[in-house]
Each structure stands twice: as structure tokens, then as C-alpha cells.
Amino acid sequence: MQVLNRPPSGWPALVLNADFRPLSYYPLSLWPWQETIKAVFLDRVDVVSTYDKRIHSPSFEMALPSVVSLKHYVAQDRPPAFTRFNLFLRDAFTCQYCGSMEELTFDHVTPRSRGGRTTWENIVTACARCNLTKGGRTPREAAMHPHRAPRRPSMYELQEHGRRFPPNHLHESWLDYLYWDIELEA
């Protein structure tokens with residue numbers, strides 16, 4: 001991870017919920033500067049931090065926001081959608097059989113040919129090699145058991161997992177609002 005003291009390209013703003021936590025960690029909740037300015041004018045957000053860059057119109061001037069917070073809290077307790085990305089995030093982008101992070105796909109723990117369903121409780125992340133090796137067999141028959149039993153994650157769990165995968169760059173004005181494991185200055 002690289003901490004920038006100059007703004008990332010496009011001048012994005014980190015978007016915080018009303019409780020000053022990011023709306024999402026993975027992908028990090030960022031808005032393009034144009035959307036951020038629109039939200040400021042519509043009084044939907046409070047500006048928390050700004051870049052040194054200013055924008056101008058014939059009758060107006062303001063510093064570009066680098067961090068904004070929503071004025072109204074957005075509940076994060078809804079169940080997460082069952083998507084390939086959320087499945088990989090739940091399983092930390094690792095094969096649940098061998099731990100590889102290469103050529104990821106997903107595997108039905110109980111094969112569909114045996115009545116297995118495509119649900120949070122029956123799907124795990126698997127590398128292509130393990131998926132082929134296991135084939136249409138049960139974990140017992142293949143002697144391949146997932147490291148963690150598949151289950152539906154909460155939005156909170158997915159947020160926590162997302163914190164382990166920071167983007168390649170972060171602006172220094174965002175650091176007080178993110179909980180990355182960074183070295184603090186003495």
C-alpha cells in the first residue's frame with residue numbers, strides 16, 4: 001500500500017457513513033469529484049477534509065473535498081447479496097481446500113448432481129485444480145474438506161474481510177478514517 005501526499009488521479013473523495021466509517025472497504029467507498037460536489041450542493045454530505053485544489057465557477061470557489069460524510073446514516077445490516085465477488089471476499093480470495101490464490105472459481109461442497117444447491121451454505125472458493133480434483137464427489141469421498149465450513153456472512157463480516165485488502169494507494173487525508181494496519185508516527 002502506498003500513502004500519497006498528492007491526490008490520486010481523478011481527485012476522488014472518501015465517502016463515510018454518518019458514523020464516520022467508510023460505506024465499504026472493498027471496494028473502498030470513493031466518489032469522483034463531480035459526484036462529491038453535487039452531493040455537497042444538495043446538502044447530502046458534510047465536508048470533513050479537503051485537497052489543496054480549488055474549483056471555480058464565475059461566481060463560486062471551493063476546495064475539492066477529499067473526505068465527506070453522509071448526513072443520514074445508511075444501515076449496513078442488510079444481508080449481503082450472493083455474488084461471486086462476495087463469495088471470494090468471504091473466503092479471503094483463497095482456495096478453501098489448498099489455500100492457493102490462483103485461478104479461483106467456486107465449488108459446490110455437496111455436488112449439484114447429489115442435490116447440492118447454489119447457496120452460501122454449500123459453495124466455497126476453490127482453485128481450478130482443486131475443483132477438478134474434487135469433481136462430483138463429496139468432501140468425504142474426495143478426502144478434501146474445506147478449511148472453513150461455508151455459511152452466509154453478515155455485511156459486517158464482509159466489511160471486516162475487505163479491510164484486509166487495501167487499495168494500492170490511499171491519500172493521507174483518508175488515513176484517520178480507515179483502520180488499516182499502518183505504522184503510526186512517533
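## Pockets

On a 1 Å grid over the protein atoms alone, a pocket is an open set of points with protein on both sides within 12 Å along at least five of seven lines, and its lining residues have an atom within 4 Å of a point. Volume here is the space filled by probe spheres (1.4 Å probe) set on the points. This is a predicted model, so to speak: local features need pLDDT of at least 70, side-chain atom pairs count only at pLDDT 80 or more, and totals for chains, interfaces and linings use all residues. Numbering starts from 1 along each chain as its sequence is written, and side-chain values use heavy atoms, with hydrogens and water left out.

The second largest pocket comes in at about 200 Å³. Among its 14 lining residues, Leu 23, Ser 24, Tyr 26, Met 155 and Gln 159 lie nearest the centre. Helix α5 (a DSSP run of H or I, at least four residues) gives the largest share of that lining, four residues.

The largest pocket has a volume of about 270 Å³. Of its 14 lining residues, Arg 21, Pro 22, Gln 76, Tyr 156 and Gln 159 are the closest to its centre.

## The sheet

Strands β2 (13–16) and β5 (60–70) run parallel, joined by three bridges. Val 15 sits opposite Val 68 in β5.

Note on methods
Helix = DSSP H or I, 4+ residues; strand = E, 2+ residues; numbered from the N terminus. Pairing = 2+ DSSP bridges.
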